[in-house]
Amino acid sequence: MIAKVLYIQSKQRPDPLSIVKLQDFDYLEGENINPKIIIESPNISLYCLDPQNQQAIFVETPLEIELSNAAFFYQAQYEYAQRLIAVPLEDLPQLMTAIEEPIEKLIMIYSVGRCGSTLLSKVFNQIETVLSLSEPDVFSQIVGLRNPDGSNDAEIAQLLKICIYLLSKPTLKGKQSCFVLKLRSFCIELGDLIYQAFPDSQVIFLYRNAEDVVRSSIRAFVYLSAMLPTIAQNIDLYSRFIPLLKEYANDIDFTDSSAIDLYTTAWLSVMQRYRFLQQRGIPTCTIRYENLVADPQKIVSAIFEYCGLSLAEVSHSCQVFAKDSQSDSNLSKENLSKHEIQIPDILEIRQKMDKLLQKHPEIKTPDFFVPDTLS
């Protein structure tokens, strides 16, 4: 195995919410090194894939920075990256076997977005025996690499297993017995393959009333209005992330700067995918955001019991509810309050949403109640 050092000359990521890629950095190729340094160094972590050159890219960050504390893992990796290390994809299985202590317990957090998933990730991270990462973004890339017809599912499943193992290696926090992964909302498209690779894993799904998700998304994702024409012209590509996009394209107003139709379709796609996972028999713990914030102690207790974690940790872990879970990111309440965004009237939002929801055979209301939700 041989890895190559890439020396960062500058960082050039204009949109902090875009999916990670090697082109986020301007770099110079350096010397070859033994890739086992990746396993031995707690401050080196998997950042992204570079499919064009068939390599994986790792970032080295300062020893004093614990990335698991960040609201968004991929944003902290980019911000603190000191140098990059490139490893051929064909060497990743061998690198994975160099991890001495494999994962004991894996917990996956999926969500519709804007519904407390970052908060729940931080709840888990308060426990000393748990490593909880919020949005390592290599998985977002993998969603785009999976063929819709399933023709490369075996390859993707193996890649997912390798990435999860590499991200679960000991960090500055040490070696934990439980690994929690919270991914971006559309990464639920990988849920079946991740469960296939880790059949003993526990699955948590958070969801929220669609009207509130859409209103919150309008405030948070102001960049999306500029992307609407690009999305409209590349439906096949973007439908890998939002599968219902292709079916609903003729009903989506791509000229609406508030992107209500797009957010509604994205919410609906995630909800539909979760129902698919449930119907496939994948054991799940379903959490409604409204219940989580109404009674944190009760719901977190139920979550910990489902995950086999000590209930003695609940009170301490719930202290994060008093803080802004995204405080160190561009999606913090302070930063979002600076956006001069005009939120459409609730009646307009409801009318647009209803037009799309009525097309769906099962999920026809914004307050759809998923079966087996924790009350």
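These notebook entries record what I looked up in the predicted model.

**Entry 1. Ground rules**

I number residues from 1 along each chain as its sequence is written.

I take helices (H or I, at least four residues) and strands (E, at least two) as DSSP runs, numbered from the N terminus.

**Entry 2. The parallel sheet**

I looked up an open sheet of 6 strands, with parallel pairing, in the order E7-E8-E6-E9-E10-E11. E7 and E11 (373-374) each have a single partner strand and stand at the edges, so one side of each is left without a neighbour in the sheet. Two strands count as paired if DSSP finds at least two bridges between them. In general, strands of a sheet pair through backbone hydrogen bonds, either parallel or antiparallel.

I then followed E7 (residues 130-134), which pairs with E8 (residues 178-182) in the parallel sense over 5 bridges. Leu-133 stands opposite Leu-181 in E8. Is E7 buried or exposed? I found that 5 of its 5 residues are buried, where buried means under 20% relative accessible area, exposed over 50%, and partly exposed in between (1.4 Å probe, protein chains only). Val-130, Ser-132 and Ser-134 are buried on one side of E7, and Leu-131 and Leu-133 are buried on the other.

E9 (residues 202-207) and E10 (residues 284-288) also pair in the parallel sense, over 5 bridges. I noted two helices against this sheet. H12 (residues 260-279) lies across E6 (105-111), E9 and E10, at about 150 degrees to E10. H14 (residues 296-307) lies across E6, E9, E10 and E11, at about 155 degrees to E9. For these angles, axes are lines fitted to C-alpha atoms, for helices over the stretch in contact, and angles run from 0 to 180 degrees between N-to-C directions.

**Entry 3. Val-203**

Val-203 stands opposite Thr-284 in E10. Its relative accessibility is 5%, so Val-203 counts as buried. Which residues does Val-203 touch, not counting residues up to four places away in sequence? They are Met-108, Tyr-110, Tyr-195, Ile-282, Pro-283, Thr-284, Cys-285 and Tyr-306, with contact meaning heavy atoms within 4.5 Å. Met-108 is 95 residues from Val-203 along the chain, yet their C-alpha atoms are separated by 4.9 Å.

**Entry 4. The antiparallel sheet**

I looked up an open sheet of 5 strands, antiparallel in its pairing, in the order E2-E1-E5-E4-E3. Its edge strands are E2 (25-33) and E3, each pairing on one side only. From one strand to the next, the twist averages 30 degrees. E1 (residues 3-11) and E2 run antiparallel and are joined by 7 bridges. Ile-8 has Tyr-27 in E2 as its bridge partner. H2 (residues 73-80) lies across E1, E2, E3 and E4 (55-60), at about 100 degrees to E3.

**Entry 5. Enclosed and open space**

How many cavities of 30 Å³ or more does a search of the whole structure find? I record 1. The largest cavity holds about 140 Å³ of space. Of its 17 lining residues, Pro-42, Ser-45, Leu-67, Phe-73 and Thr-171 are the closest to its centre. E3 (44-50) and H6 (153-167) are the elements that give two or more residues to this lining, and E3 gives the largest share, 3 residues. The lining divides into 10 nonpolar, 5 polar and 2 charged residues.

I also noted the second largest pocket, with about 280 Å³ of space. It is lined by 14 residues, and Asn-147, Pro-148, Glu-189, Arg-240 and Pro-243 lie nearest its centre. This lining has 4 nonpolar, 3 polar and 7 charged residues.

The terms are as follows.
- On a 1 Å grid over the protein atoms alone, a cavity is a set of points where a 1.4 Å probe fits but cannot get out; a pocket is an open set with protein on both sides within 12 Å along at least five of seven lines; lining residues have an atom within 4 Å of a point.
- Grid points are joined across faces, edges and corners, and a volume is the space filled by probe spheres set on the points.
- Ala, Val, Leu, Ile, Met, Phe, Trp, Tyr, Cys and Pro count as nonpolar, Asp, Glu, Lys and Arg as charged, and the others, Gly among them, as polar.

**Entry 6. Positive phi**

Ala-259 has a phi near 55 degrees, a positive value in a residue other than glycine. Ala-259 is in the loop between H11 (244-248) and H12, and it counts as buried at 1% relative accessibility.

How values were computed: This is a predicted model: local features need pLDDT of at least 70, side-chain atom pairs count only at pLDDT 80 or more; totals for chains, interfaces and linings use all residues. Side-chain values use heavy atoms; hydrogens and water are left out.
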